[in-house]
Amino acid sequence: MRRWLAGCLAILAVLSMTAAAAPVSVTVRGDSVVWTDAAPYVEDGRTMTPVRAVAEAMGLEVAWDGADRRVEVSRTYSPESSLYQAELQSGLREYVAQRTVRMWVGRETYEVVNQYAVYDGRAAVVSRVGESTGEMDAAPTLRGGRTYVPIRYVAEQFGYDVLWEGGSRTVQIVTQLTPGWSYAWSIEPGGSLVLAIHTPVNVASAEITSVTVSGLAGSATPALEEPGEADLARIRATAGESAQLLDVVRLTYPFAAGSSYVLSFSLALTKANGAAAEGGGSFQVTLPAAAE
């Protein structure tokens with residue numbers, strides 16, 4: 001019996017070690033990244049990937065500054081392919097002509113440098129440079145002469161969402177989706193607010209996580225309640241019977257007739273591609289005065 005138990009424990013130990021050592025895969029738009037002399041690894045719950053192989057699979061350029069221990073990932077855009085475009089008062093279009101992400105080994109902060117250009121339909125002229133910084137949950141590292149980074153912070157800057165598939169231990173880098181949704185509300189003076197998120201675009205699910213009411217008496221964040229049938233009927237009358245409701249909440253607050261309020265809400269979203277996102281909004285309401 002003891003030999004059988006010892007054998008079982010040994011098998012479990014081997015299986016556990018095998019599972020722990022299972023390789024991590026990365027796909028970009030469904031295509032697997034091929035590794036040559038370096039491969040991703042997981043440490044402290046964070047997946048670190050060789051930056052050059054993954055960045056080049058995303059169509060990006062990679063440069064290494066050994067003296068500064070800095071990696072730069074960049075992409076040049078045309079007016080049609082840019083991630084950002086804006087119409088100027090002059091009628092010209094401004095767009096991001098080049099974006100560069102800078103990361104340093106051992107540093108959890110990174111920089112994003114955008115070079116903007118103005119396009120008149122015939123030629124592009126550099127207009128300005130904008131810089132911003134961000135925080136990562138893991139610092140880039142050097143292993144075997146290769147730079148490893150938490151790739152999410154690179155991918156998201158260049159129009160990708162990053163997903164983790166735990167069963168196959170796969171990092172999935174997919175085209176970034178912009179979530180779209182509408183909201184509807186109904187208020188009863190002295191009673192309740194019913195708020196709904198509906199009519200999704202690129203959204204699989206949404207949850208209203210908080211609602212804050214601001215008025216003359218200050219701000220409050222009442223507890224969210226489950227809506228009843230009457231609440232659902234009220235919101236459908238506002239949003240329309242054909243609206244696809246993602247989430248509906250009810251809250252109790254002493255809304256006073258004739259008073260104005262600003263309502264702010266926060267959302268937890270899941271995009272249609274499976275990526276998590278946050279959202280929210282605010283609106284002002286002035287309730288009609290009470291009838292005399």
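A: Lys271 is buried, because its relative accessible area of 8% lies under the 20% limit. In this predicted model, the side chain of Lys271 forms a salt bridge with that of Asp161, at an N to O distance of 3.2 Å. Distant parts of the chain are linked by this pair, since Asp161 belongs to strand 13 (residues 160-165) and Lys271 to strand 20 (residues 260-271), 110 residues apart. Asp161 is likewise buried, with a relative accessible area of 4%.

A second salt bridge joins the side chains of Asp137 and Arg46, with 2.8 Å from N to O. This pair also connects distant parts of the chain: Asp137 is in the loop between strand 10 (124-135) and strand 11 (141-143), while Arg46 is in strand 4 (residues 46-50), 91 residues apart. Asp137 counts as partly exposed at 37% relative accessibility, and Arg46 counts as partly exposed at 34%.

Arg70 and Asp65 provide a further case, their side chains meeting in a salt bridge of 3.4 Å, N to O. Here Arg70 counts as buried, at 17% relative accessibility, whereas Asp65 is partly exposed, with a relative accessible area of 26%. Both residues belong to one network, in which salt bridges with shared partners join Asp65, Asp68, Arg70, Glu72, Arg102 and Glu111.

With a side-chain nitrogen of Lys or Arg required within 4 Å of a carboxyl oxygen of Asp or Glu, the count comes to 17 salt bridges.

Methods. Residues are numbered from 1 along each chain as its sequence is written. This is a predicted model: local features need pLDDT of at least 70, side-chain atom pairs count only at pLDDT 80 or more; totals for chains, interfaces and linings use all residues. Side-chain values use heavy atoms; hydrogens and water are left out. Helices (H or I, at least four residues) and strands (E, at least two) are DSSP runs, numbered from the N terminus. Buried means under 20% relative accessible area, exposed over 50%, partly exposed in between (1.4 Å probe, protein chains only).
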